[in-house]
Amino acid sequence: QIVGLFASLAERQGLDLHVDAPDHLPMTCDPDHLEKMLVNLISNAFKFTPEGGRVTVTLRSGGDQATILTVTDTGSGISPEEQRHIFDRFYQVDGSARRTREGTGIGLSLVKELVTLHEGTLNVASSEGRGTTFTITLPYHDVPPEPEAADAQAYGDGARPEVAEIERAVAEVPDVQPQAVSADAPVVLLVEDHADLRAYIRSHLDPSFVILEAANGADGLALALEQVPDLILSDVMMSEMDGYTLLDALKQDQRTSHIPVVLLTARADVDSRIAGLERGADAYLAKPFDAGELRACLRGLIAQRQHLRQLWRTALAQPPTAQSEAAVSDLPVAERQFVAQVDALIETHYTDPHFNTDTLAEGLGLTARQLRRKLKALTGQRPGKRLRHYRLEAAYEQLRTPDASVKSVVYAVGYTSPSHFSKQFKQAYGITPSQHRDAQAPPEPD
């Protein structure tokens with residue numbers, strides 16, 4: 001999965017990226033530290049390997065005592081003099097006549113420190129003009145058995161009596177299904193054509209997200225139109241439909257134009273980032289990216305949407321006469337127009353008792369699901385609640401006339417049950433319809 005982070009970059013730089021590792025191999029290593037070691041070593045190999053070169057990552061057993069990890073490139077190599085200093089903090093190899101990018105000079109030093117923490121060794125073998133191999137040797141430590149396992153071993157093939165009793169009790173308990181993710185959990189669509197990279201990203205995303213996956217841009221577009229996720233995370237270089245084409249299609253379609261899109265790409269140059277942002281991308285991360293940066297980016301975008309929805313909720317909690325345009329001021333023009341379309345259709349048809357979410361969606365050219373997902377993403381309201389709010393607001397205004405008939409107002413705003421109307425009116429405004437109407441009457445003369 002970690003090597004997969006560099007697949008798109010390898011394609012762009014014309015490098016052959018290869019990984020040779022067994023499906024299963026015991027090793028003693030902190031996973032986050034392993035990721036940092038590999039990302040730094042592979043990044044270093046990419047810096048100094050010209051187009052047409054090869055970068056190979058190999059994992060193999062060193063016998064019962066160790067695991068050996070190597071990163072080999074066919075790049076320009078490192079001189080003997082430089083090899084003596086490359087693990088010194090802030091030391092940078094001379095990049096003249098080599099493919100290079102500015103760096104901090106702490107990458108290899110960090111790898112060295114992490115290897116040392118694991119009681120391992122880090123060596124380099126290099127020949128100028130022929131390439132470089134970094135070799136990490138990590139000692140293998142048997143993990144001590146858990147106390148329960150040790151106790152069970154003490155009793156031979158059978159468990160301790162009290163353990164066996166617990167196991168019998170547990171066996172009698174009916175199976176319980178895992179708790180489902182909240183219905184309000186953010187839905188993130190991940191569009192990436194490398195399966196290993198999808199798995200890597202999925203493993204680092206917030207567990208409270210609902211993750212949808214698509215293996216190419218065409219499938220991603222179809223899934224986005226069907227599910228209307230809260231956020232889309234997409235690679236740029238993909239088969240079927242690339243990320244830019246997907247972005248254009250999403251932003252030009254009313255059903256998905258509001259969805260924040262984060263692009264992942266090996267194209268880290270400024271022109272490429274500008275191209276994505278000008279097309280409507282909300283963020284742009286260059287591969288290989290830091291998992292923490294990715295999580296922070298997604299959380300930030302989702303928090304922005306939650307802020308907009310809170311503005312709507314604040315405005316809708318006020319009496320109709322005090323409602324403000326502040327709730328829509330931060331929305332893009334296209335989304336303000338969409339909300340205006342929704343309200344215009346409601347204003348035209350709210351008096352019809354048969355007008356509901358389905359007919360509202362049909363009038364907008366959407367499915368009921370698409371309308372619910374989009375309107376809730378923008379305003380925090382489902383269509384049915386927005387229609388009910390509009391009807392109650394109209395009734396609130398009509399009942400300002402002291403001699404208004406509550407019953408006539410009920411039917412005038414599309415309700416069919418006076419008792420149901422009265423209940424919802426009191427929930428919304430804290431008083432009954434009659435109390436609101438009577439409050440408008442002038443005081444009796446003395």
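User: Which backbone nitrogen does the side chain of D73 reach?

Analyst: First, a word on what we're looking at. This is a predicted model, where local features need pLDDT of at least 70 and side-chain atom pairs count only at pLDDT 80 or more, while totals for chains, interfaces and linings use all residues. Residues are numbered from 1 along each chain as its sequence is written, and side-chain values use heavy atoms, with hydrogens and water left out. To read a polar contact, look for a pair of N or O atoms within 3.5 Å; within protein, one must be able to donate a hydrogen and the other to accept it, and residues adjacent in sequence count only if both atoms are side-chain atoms. Here, the side chain of D73 reaches the backbone nitrogen of G75 at 2.8 Å.

User: Is D73 buried or exposed?

Analyst: Buried means under 20% relative accessible area, exposed over 50%, and partly exposed in between (1.4 Å probe, protein chains only). D73 has a relative accessible area of 6%, so it's buried. Its strand, β3 (residues 66–73), is mostly covered too, with seven of its eight residues buried.

User: What is D73 in contact with, beyond its neighbours within four places in sequence?

Analyst: Contact means heavy atoms within 4.5 Å. On that basis, D73 is in contact with A45, T49, R54, V55, R130, G131 and T132. One of these, T132, is also the bridge partner of D73 in β5.

User: How many helices and strands are there in the chain?

Analyst: Helices (H or I, at least four residues) and strands (E, at least two) are DSSP runs, numbered from the N terminus. This chain has 18 helices and ten strands. Of its 446 residues, 43% count as buried.

User: Which sheet does β3 sit in, and in what order do the strands run?

Analyst: Two strands pair if DSSP finds at least two bridges between them. The order is β1-β2-β3-β5-β4, an open sheet of five strands with mixed pairing. β1 (16–20) and β4 (121–127) stand at the edges with a single partner strand each, so one side of each has no neighbour in the sheet. From one strand to the next, the twist averages 10°.

Let's walk across the sheet. β1 and β2 pair in the parallel sense over five bridges, with D16 opposite R54 in β2. Next, seven bridges join β2 (residues 54–61) to β3, and these two run antiparallel; S61 stands opposite T67 there. β2 and β3 form a hairpin with four residues between them, and G63 in the turn has a positive phi of about 95°. On to β5 (residues 131–139), which pairs with β3 in the antiparallel sense over eight bridges.

User: Which helix lies across β1, β2, β3 and β5?

Analyst: For angles, axes are lines fitted to C-alpha atoms, for helices over the stretch in contact, and angles run from 0 to 180 degrees between N-to-C directions. α2 is the helix you want, running at about 25° to β3. It spans residues 31–47, and its 17 residues reach 24 Å from the first C-alpha to the last. Its buried residues include L34, L38, L41, I42 and A45. At its start, a side-chain oxygen of D30 reaches to within 3.0 Å of the backbone nitrogen of D32. Another helix, α4, lies across β4 and β5, at about 140° to β4.

User: What about the other five-strand sheet, what is its order?

Analyst: That open sheet goes β7-β6-β8-β9-β10, and the pairing is parallel. Its edge strands are β7 (210–214) and β10 (283–286), each pairing on one side only. The twist here averages 20° from one strand to the next. Four bridges join β9 (residues 261–265) to β10, and L263 has Y284 as its bridge partner in β10.

User: At what angle do α13 and α14 pack?

Analyst: Two packed helices are described by the angle between their axes and the distance between the axes. In this case, α13 (residues 357–364) and α14 (residues 368–379) pack at about 90°, with axes 8 Å apart. That makes α13 roughly perpendicular to α14 (a label for 65 to 115 degrees). Among the residues that meet are L360 and L364 in α13 and L371 in α14.

Technical notes:
The expected span of a helix is 1.5 Å times one less than its number of residues. Angles under 35 degrees count as roughly parallel, over 145 as roughly antiparallel, 65 to 115 as roughly perpendicular and the rest as oblique.
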